[in-house]
Amino acid sequence: MASHPTYEVHGQPYVDEKASMTAEKQDSGGSRDVFAEDNDHQIQYKTLSWQAVSLLMIAEIVSNGILSLPSALAVVGIVPAVILIVFLGIFGLFTAKLLIDFKLNHPNVHTMGDAGYIMFGPVAREVLAFGTVAFAVFGSGAELLSSQQALSTLSNQGMCSMYLVIITGAVAFLISLPRTLDRLAWMGLLSAVVITLAGFVAMIGAGANPVPGRSLTVTASSNFFDAFLAVTNPVFAYAGHFMFFILISEMRRPEDAMKAAWCLQVFATIFYAVFSIVMYVYIGNTVQSPALFSLPPAWAKATFGIALANFLFSAGLYTHTGAKLVFVRIFRHSEHVYSHTLLGWTVWTLLCFAGVAIAVILAVAVPIFSYLIGITAALFAAWYTYGLAGLFWLHDVYHLKGGVDGLKRRPIGTTIAVLTIISGAFICVAGTYVSIKLIVEAYANGQAGRPFVC
C-alpha cells in the first residue's frame, strides 16, 4: 500500500492524504529540488544571493517598459494613471508572494511549465513552457529594437537599422552564454544602475527643456480601446514574473526570495511613478512613446547612450531564460547540466544562438513585430504576472491545507485569489483584442511597413 505524500511547506513537513496525484506529478521531476547540490559538480547553480536576484529582476523589468509609461498619463490623465501604476506595483508584489510561496512548497518547479504540470498535467506544462519561451524571445526582440533605436539616435540615423539589430543581437548572444545566472549578476548591477541613471538624466533633460504651452490632463474620458491601450503600458511594465521560478531555483536560500521581490516592486513602483509624473509634467500631452524621443536631440542621445547597456543586457537575460528552460527540460538531472561536457555546451550554445537568431529575424522581418509583442504579453504575461498566482494559492491551500474545508476557512484569501484569476483573464482578453485591432488599423492605414528595410 502506497504511503501518503509528504510535502515541505516553508521547510516544515506536512502530510496530505488527498494529494497522491499531485505527489506523483511532483515526484516525476526527479529530485525534490530542480538543482542538486554537490561539491563535486563542475557547474554550481545554487549560488545567487537575494541581493543579486533583486538586481537581475530590476535590470530585466525596469528596462524599456518604463519609457512608454508617460504616454499613458496623456491618454487617461495624470491622476488615474499614477493610481494605476501604484496599484499595479502593489498587486505585483502580492502575486509575487503567491508565486514564491508556490515555489517554496514545490522545490522541483523550475519554470511556469513545471507549475502547470503540477496543477493541470502535461498539456498545461507544454502550453506554459511554450509561453515562457515565446515571451522570452519576443522580450529579447523588443530589447534589440530599443538597442537599435538607441544606436540610430546616437548615429543620427547613420546606419541601416536592420544591421544595427543584427549587431546588437550578436552582443546579446555573448551576454546570454554563461551557464549560471551568478555569472550575470555583476552585469545585472551595472544594468540596474544605468537604467536608473538614464531615467534621472531624462527627467533632468525634460525639466531643463519644458515644452512651451504644453497642456496637462488631470483626468480624461476616453473610449475603451484608447483607454485600455494606454493601460497596457503600466500593466506590462511589471511583467517579469515569468522568470521568477528560474531565478529562485539558483538561489542559495530560496526562502529569501521575497526580499528580492520587495526590492524590485518598491523600487519599480516609486521609480515608475516619479519618472512618469516628471516627464509628463514637463512635456505634456505631446509626450511620445518611447518618451526619450520627446527630449531635445542632445538629451535624447545622452539618455539613450546610458540606457543602451541595459537594453543589451536585458536582451541577453531574456535569451538566457528561454534557453535555460529548454536546456534543463532536455538534460534535467543529467551530467550535462552539472559538468562541462561537449554535448552540454554544444546544445546550450545552439539554444542561445537560436533564441537570439529568432528574435533578430522577427525584429527585422516582421513589420508588425511591435504589435505581436503586445499579443504575446497579453496571452502569457497577463497570466504569469497576475492570473496564475491565484491558481497557485488555490491549489496549495486545497492540497496542503485541508481541501475544500481549507478554502472555506479562508474566505478572504479565496475571494482575492479568484479575483486575481479574473483580473488575469480580463487583461489577457482585453489586451489581445486591443493588439489585434491595432494590427488591423496598421494595415488599413498603411503603417505596417515592410520587412528587411532600413
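Let's start with two helices. The axes of helix α3 (residues 69-76) and helix α4 (residues 78-105) come within 7 Å and cross at roughly 135°. That makes α3 oblique to α4; angles under 35 degrees count as roughly parallel, over 145 as roughly antiparallel, 65 to 115 as roughly perpendicular, and the rest as oblique. Axes here are lines fitted to C-alpha atoms over the stretch in contact, with angles from 0 to 180 degrees between N-to-C directions. Helices are DSSP runs of H or I, at least four residues, numbered from the N terminus.

A word on the source. This is a predicted model: local features need pLDDT of at least 70, side-chain atom pairs count only at pLDDT 80 or more, and totals for chains, interfaces and linings use all residues. Numbering runs from 1 along each chain as its sequence is written, and side-chain values use heavy atoms, without hydrogens or water.

Back to the pair. On the α3 side, Ala72, Leu73 and Val76 make the contact. Contact means heavy atoms within 4.5 Å. The α3 contact with α4 has eight nonpolar residues, no polar and no charged.

Next pair. Helix α7 (residues 161-176) packs on helix α12 (residues 297-331) at about 55°, axes 8 Å apart. These two are therefore oblique as well. Thr168, Val171, Ala172, Ile175 and Ser176 of α7 meet Leu312, Phe313, Ala315, Gly316, Thr319 and His320 of α12. By class, that contact of α7 with α12 has six nonpolar, five polar and no charged residues.

Now the cores. A nonpolar core is a set of buried Ala, Val, Leu, Ile, Met, Phe, Trp, Tyr and Cys residues joined through side-chain atoms within 4.5 Å. Buried means under 20% relative accessible area, exposed over 50%, partly exposed in between, with a 1.4 Å probe and protein chains only. The largest core has 99 residues; Tyr272, Met279 and Phe392 touch the most other members. Helix α11 (residues 257-283) gives the most to this core, 13 residues. A second, separate core of 30 residues includes Ile43, Phe173, Ala315 and Val356.

Which residues does methionine 279 contact, leaving aside neighbours within four places in sequence? Pro70, Ala202, Met203, Ala206, Gly284, Ala291 and Leu295.

Last, the backbone. Serine 289 and proline 290 are joined by a cis peptide bond, omega about 0°. Proline 290 lies in the loop between α11 and α12. Asparagine 156, not a glycine, has a positive phi of about 55°. At 54% relative accessibility, asparagine 156 counts as exposed.

Methods: Ala, Val, Leu, Ile, Met, Phe, Trp, Tyr, Cys and Pro count as nonpolar, Asp, Glu, Lys and Arg as charged, and the others, Gly among them, as polar.
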